[in-house]
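Biologist: Thanks for sitting down with me. Could you walk me through this model, starting with the backbone and moving on to the helices and rings?

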Amino acid sequence: MVNVTTPLRIGYVLFPAFTAIDVFGPLNVLNLVSITHNMTLSLISADMEPVSVDRTIINGVSGAMLGSSASPNFTQFVLPTHTFADAPPLDVVFVPGGAGSRNLNATQPHVDWLAARMHDPELEYMMTVCTGTSLLARTGKIAGRNATTNKAAFNWVTSVPGAENVNWIKKARWVVDGNLWTSSGVSAGTDMTLGWIEHMYGRNQSETIRYMMEWNALNQTDDPFAVYYGLV
């Protein structure tokens, strides 16, 4: 367990076209928790260029999956605080999903960095949201472990290189396997983070945050989307 008397060092891995709520839902939880608990936050990307949200926009040019959408330039940008080369020691790493996770070439540096971090003795928790689990599967470092992912994208995630060795849980809002926490799609990351706050600081703290957010949370096994997408 992390020593709560020292800062809890949290890092978020970013890539173009990550899904907004995959990052900002859990961050809303963490922003509120950080009022009463000492935390630091690092936003980590391949370089220090602004990272586009829900669209792949590089050097002002929109492309990839949503490049031909009705609004190819409808995005926001997030400024990284660190690159993979200078990221600080971390206790917790979050990996979001999104359309950008499907670009295997562009996210290979992210996969390589995650693979190295999985061996870091200082790392207490690795946490993925939505299709972010595909990046961890590609590291080969979660072979034999339980994990879940976005149910709409379940078949794609379970087809990426390395995924064949993961024990995929089809029906789960989120899955815990030791220090590995993985959530289902999009909003499930916020539910998982609230569950993790309960694990770290107790149910009173997680419920306080949930009420502050006016968030109707689903529990760990409450997964109607597995049924909707025909997985079970």
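**Backbone, helices and rings**

Modeller: Happy to. Ala-17 has a relative accessible area of 2%, so it counts as buried. Please keep in mind that this is a predicted model.

Biologist: Where is Ala-17 found, and what is its phi?

Modeller: Ala-17 sits in the loop between strand E1 (8-13) and H1. Its phi is positive although the residue is not glycine, with a value near 70°.

Biologist: How are helix H1 and helix H5 oriented to each other?

Modeller: The axes of H1 (residues 20-33) and H5 (residues 188-201) come within 8 Å and cross at roughly 30°. Angles under 35 degrees count as roughly parallel. Therefore H1 is, relative to H5, roughly parallel.

Biologist: What is the handedness of that crossing, and which classes of residue make the contact?

Modeller: The crossing of H1 and H5 is right-handed. Residues in contact include Ile-21, Val-29 and Leu-30 of H1 and Leu-194, Trp-196 and Ile-197 of H5. By class, the contact of H1 with H5 holds nine nonpolar, four polar and no charged residues.

Biologist: Now the aromatic rings. How is the pair of Tyr-12 and Phe-94 arranged?

Modeller: The whole structure has seven aromatic pairs. In this one the ring centres of Tyr-12 and Phe-94 are 4.9 Å apart and the planes are at 20°, so the pair is stacked.

Biologist: How far apart in sequence are the parts that this pair ties together?

Modeller: Tyr-12 is buried at a relative accessible area of 0%, and Phe-94 is buried at 0%. Tyr-12 lies in strand E1 and Phe-94 in strand E8 (residues 92-95), so the parts tied together are separated in sequence by 82 residues.

Biologist: And how is the pair of Tyr-228 and Tyr-229 arranged?

Modeller: Tyr-228 is exposed, with a relative accessible area of 63%, while Tyr-229 is partly exposed at 42%. Their ring centres are 4.9 Å apart and their planes are at 85°, so the pair is edge-to-face.

Notes. Residues numbered from 1 in each chain as written. Predicted model: local features only at pLDDT ≥ 70, side-chain atom pairs only at ≥ 80, totals over all residues. Heavy atoms only, no water. Axes fitted to C-alpha atoms, helices over the stretch in contact; angles between N-to-C directions. Helix = DSSP H or I, 4+ residues; strand = E, 2+ residues; numbered from the N terminus. Parallel < 35°, antiparallel > 145°, perpendicular 65-115°, else oblique. Left-handed = near helix turned anticlockwise from the far one by under 90°. Contact = heavy atoms within 4.5 Å. Nonpolar A, V, L, I, M, F, W, Y, C, P; charged D, E, K, R; others polar. Buried < 20%, exposed > 50% of the residue type's maximum accessible area, 1.4 Å probe, protein only. Phe/Tyr/Trp six-rings, centres within 6.5 Å; stacked < 30°, edge-to-face > 60°.
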